[in-house]
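Subject: Handing over the structure

Hi there,

Here is the structure I promised to pass on. Have a look at it first, and then read on for what turned up.

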Amino acid sequence: MNIETIAIHAGNHNDPTTKAVIQPIIMSTTFERGEDGGYPGGYIYSRSSNPNRSALEQVLAQLEGGIEAAAFSSGNAAGMAVFQSLPAGTHIILPDDMYHGLRNQIKNLFAGILEFDFIDVNDTELLQQHIKPNTGVIWIETPSNPLLKLTDIKKAVAIAHAKGIKVVCDNTFATPVCQQPIALGADLVMHSATKYFGGHSDLMGGALIAAEKSDWWLKIRQVQEMGGAIPSPMDCYYLVRSIKTLPYRVRGHVNNAQLLAQFLEDHPKVERVMYPGLPSHPQHDIAKAQMLSFGGMLSFCIKGSEDDTRKVVNSVKLFTQATSLGGVESLIEHRASVEGLDTKTPRNLLRVSVGLEHIDDLIADLKAAFNSF
């Protein structure tokens with residue numbers, strides 16, 4: 001099936017009792033046992049599994065071309081499950097510009113349990129130099145948040161697999177509509193489902209999708225069940241509903257982002273634009289080779305100071321100055337101020353989640369904001 005059909009049908013199960021076309025929300029935390037003590041309905045307790053979560057996991061796995069998916073209460077919970085599944089002393093290589101929430105998580109919660117190095121994973125020689133006998137995972141994030149750097153997935157996979165190392169790819173910015181890391185060799189794909197999967201800035205979720213049902217994947221599943229960081233049946237239901245429109249929404253985000261990036265690149269008050277769809281992006285050739293389309297996220301740097309940058313972000317009327325991304329509304333944010341002292345984000349950078357408003361209105365809003373300095 002094509003991705004539009006998968007999005008609509010893979011997570012939907014007609015109700016056998018009422019014949020309802022859309023699967024109902026099953027809020028029950030527990031399920032009746034049979035006379036033999038078994039579970040004839042296939043469910044025991046909602047921390048272990050739930051019909052709505054099963055439906056969500058099924059569509060997520062098919063969207064990413066994986067064998068199985070595990071849903072979590074947030075993207076950070078999904079990332080933590082990966083780290084918790086690893087034996088103590090495992091060494092992980094991570095991007096030096098990775099999403100700050102997971103970067104801070106591993107630094108603050110897993111120090112002394114796991115070993116880790118934050119490096120430029122796109123530097124092949126540097127990547128190979130940092131591989132150790134106990135390296136178990138290379139974590140990649142492409143495009144990265146918020147610098148929109150790209151990692152050549154096939155190249156990273158080849159280096160990792162030659163040493164028996166697993167590759168985890170954070171595909172949140174791209175979504176399976178724009179990029180499919182498992183098809184490029186990745187072992188595990190991570191998402192913050194809060195973002196494009198949810199698509200309306202009104203729920204939280206996370207997901208991991210596995211290329212194969214390995215012992216490692218079974219350990220991650222064990223972390224999910226025993227740790228209990230799971231989404232509610234209601235959140236699962238709304239995620240399945242939102243995913244039905246994912247391919248069409250993402251195409252709108254991509255179209256707007258491409259046009260907005262071109263406008264910004266031509267503006268005299270913009271120093272540079274970070275968007276994979278621009279020929280000026282230093283890794284545009286990688287984007288063309290491994291991405292199906294270029295995504296709805298971009299960042300740009302103002303020709304000016306941090307104060308000038310804040311004037312712009314405080315002058316917009318249509319964009320909302322807020323964290324997060326992937327909703328139908330356009331968001332803009334000064335990222336360095338939320339990422340901590342060790343941020344690699346320039347102080348004059350603004351990150352934009354390009355929404356589904358009319359592109360002429362978005363451009364007009366930024367044009368007016370640039371007049372603030």
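Let me start with serine 144, which touches Asp97, Lys149 and Phe173 once residues up to four places away in sequence are set aside. Please keep in mind that this is a predicted model. Serine 144 belongs to the loop that runs between β4 (135-141) and α6 (153-162). Its relative accessibility is 2%, so serine 144 counts as buried.

Next, the salt bridges. Side chains of opposite charge can pair when their charged atoms come close. The count here comes to 16 salt bridges. One of them joins the side chains of glutamate 4 and arginine 251, at 2.3 Å from N to O. Because glutamate 4 lies in helix α1 (residues 3-9) and arginine 251 in helix α10 (residues 246-265), this pair ties together parts that are 247 residues apart in sequence. With 35% relative accessibility, arginine 251 counts as partly exposed. Arginine 251 also has an aromatic neighbour: its charged end sits over the ring of tyrosine 248, 5.4 Å from the ring centre.

The side chain of arginine 221 meets that of glutamate 57 in a salt bridge of 3.2 Å, N to O. Glutamate 57 is in helix α2 (residues 51-64) and arginine 221 is in helix α8 (residues 215-227), so the pair ties together parts that are 164 residues apart in sequence. Both glutamate 57 and arginine 221 are buried. Arginine 221 forms a salt bridge with glutamate 68 as well, where the closest N and O atoms are 3.1 Å apart. That pair links distant parts of the chain, with arginine 221 in helix α8 and glutamate 68 in strand β1 (residues 68-72), 153 residues apart. If you want to see the whole group, a network of salt bridges links Arg53, Glu57, Glu68, Lys213 and Arg221.

Now for the rings. A pair of aromatic rings is described by the distance of the centres and the angle of the planes. There are six aromatic pairs by the rule used. Among them is the edge-to-face pair of phenylalanine 116 and phenylalanine 118, at 5.8 Å centre to centre and 65° between the planes. Phenylalanine 116, at 21% relative accessibility, counts as partly exposed, and phenylalanine 118, at 25%, counts as partly exposed as well. Tyrosine 237 and tyrosine 238 have ring centres 5.3 Å apart and planes at 80°, so their pair is edge-to-face. Tyrosine 237 counts as partly exposed at 22% relative accessibility, as does tyrosine 238 at 32%.

Finally, which residues of α3 are buried? They are Gly75, Ala77, Ala78, Gly79, Ala81, Val82 and Phe83. That is seven of the ten residues of helix α3 (residues 75-84), so the helix is largely enclosed by the rest of the structure. Phe83 also takes part in a cluster, in which ring pairs link Phe83, Phe110 and Trp139.

How values were computed. Residues are numbered from 1 along each chain as its sequence is written. This is a predicted model: local features need pLDDT of at least 70, side-chain atom pairs count only at pLDDT 80 or more; totals for chains, interfaces and linings use all residues. Side-chain values use heavy atoms; hydrogens and water are left out. Buried means under 20% relative accessible area, exposed over 50%, partly exposed in between (1.4 Å probe, protein chains only). Helices (H or I, at least four residues) and strands (E, at least two) are DSSP runs, numbered from the N terminus. Rings of Phe, Tyr and Trp (its six-membered ring) pair if their centres lie within 6.5 Å; planes under 30 degrees apart count as stacked, over 60 as edge-to-face and the rest as tilted. A charge sits over a ring if NZ of Lys or CZ of Arg is within 6 Å of the ring centre and within 35 degrees of the ring normal. Contact means heavy atoms within 4.5 Å. A salt bridge is a side-chain nitrogen of Lys or Arg within 4 Å of a carboxyl oxygen of Asp or Glu.
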